[in-house]
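Please have the model open as you read.

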Amino acid sequence: MKDINYIEKMASLLQWVLNLGLICLATVLVFFLVKETYILSSLMFGDILNEVQETTSYQLLESIVTYFLYFEFIALIIKYFTSGYHFPLRYFIYIGITAIIRLIIVDHSDPTTTLLHAGAILVLVIALYLANTEKLKRA
């Protein structure tokens with residue numbers, strides 16, 4: 001009986017540490033999201049100091065996809081707390097797809113590598129379909 005009480009206290013302490021760590025991570029991610037918002041607006045509308053800079057469409061796309069990555073990680077942390085301390089698999093797949101799309105946008109010099117990345121996206125989309133079926137759907 002004493003061992004069970006000790007295990008429950010240890011699990012509760014570890015859950016508290018995990019929650020605190022996730023709150024710190026969310027704070028850092030919000031900071032970087034605000035920073036990325038500034039970079040994105042700077043790329044779209046020019047610098048605040050009215051310095052005109054040459055912006056390529058790749059820089060703009062990279063910034064937009066990076067913005068969505070921060071947004072998805074923050075949404076994952078929010079979902080963790082609202083779903084009873086559970087990370088849904090779907091959110092990790094969404095983040096993986098977005099990260100690979102960003103990688104393709106940033107580095108698309110080798111066609112073979114780009115094709116492999118596209119294949120990885122296809123595998124993740126199939127996994128997402130399977131994860132959303134009624135038999136595997138949890139939340």
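Helix α4 covers residues 111-131, 21 residues in total, and stretches 30 Å from its first C-alpha to its last. That is close to the 30 Å expected at 1.5 Å a residue, where the expected span is 1.5 Å times one less than the number of residues. Helices here are DSSP runs (H or I, at least four residues), numbered from the N terminus.

This is a predicted model, in which local features need pLDDT of at least 70, side-chain atom pairs count only at pLDDT 80 or more, and totals for chains, interfaces and linings use all residues. Residues are numbered from 1 along each chain as its sequence is written, and side-chain values use heavy atoms, leaving out hydrogens and water.

Which residues of α4 are buried? They are His-117, Ile-121, Leu-128 and Ala-131, buried meaning under 20% relative accessible area, exposed over 50% and partly exposed in between (1.4 Å probe, protein chains only). Seen down the axis of α4, these residues fall within an arc of 80°, so they line one face of the helix; the arc is taken from the directions from the helix axis to the C-beta atoms. They pack against α3 (89-106), with contact meaning heavy atoms within 4.5 Å. On the other side of α4, the exposed residues are Pro-111, Leu-115, Leu-116, Leu-122, Val-123 and Tyr-129.

Now for the charged pair. A search of the whole structure finds 1 salt bridge, defined as a side-chain nitrogen of Lys or Arg within 4 Å of a carboxyl oxygen of Asp or Glu. Arg-102 pairs with Glu-62, their closest N and O atoms being 3.0 Å apart. The link joins distant parts of the chain, 40 residues apart: Arg-102 lies in helix α3 and Glu-62 in helix α2 (residues 57-82).

| Residue | Relative accessible area | Class |
|---|---|---|
| Arg-102 | 26% | partly exposed |
| Glu-62 | 26% | partly exposed |

Technical notes. Helices (H or I, at least four residues) and strands (E, at least two) are DSSP runs, numbered from the N terminus.
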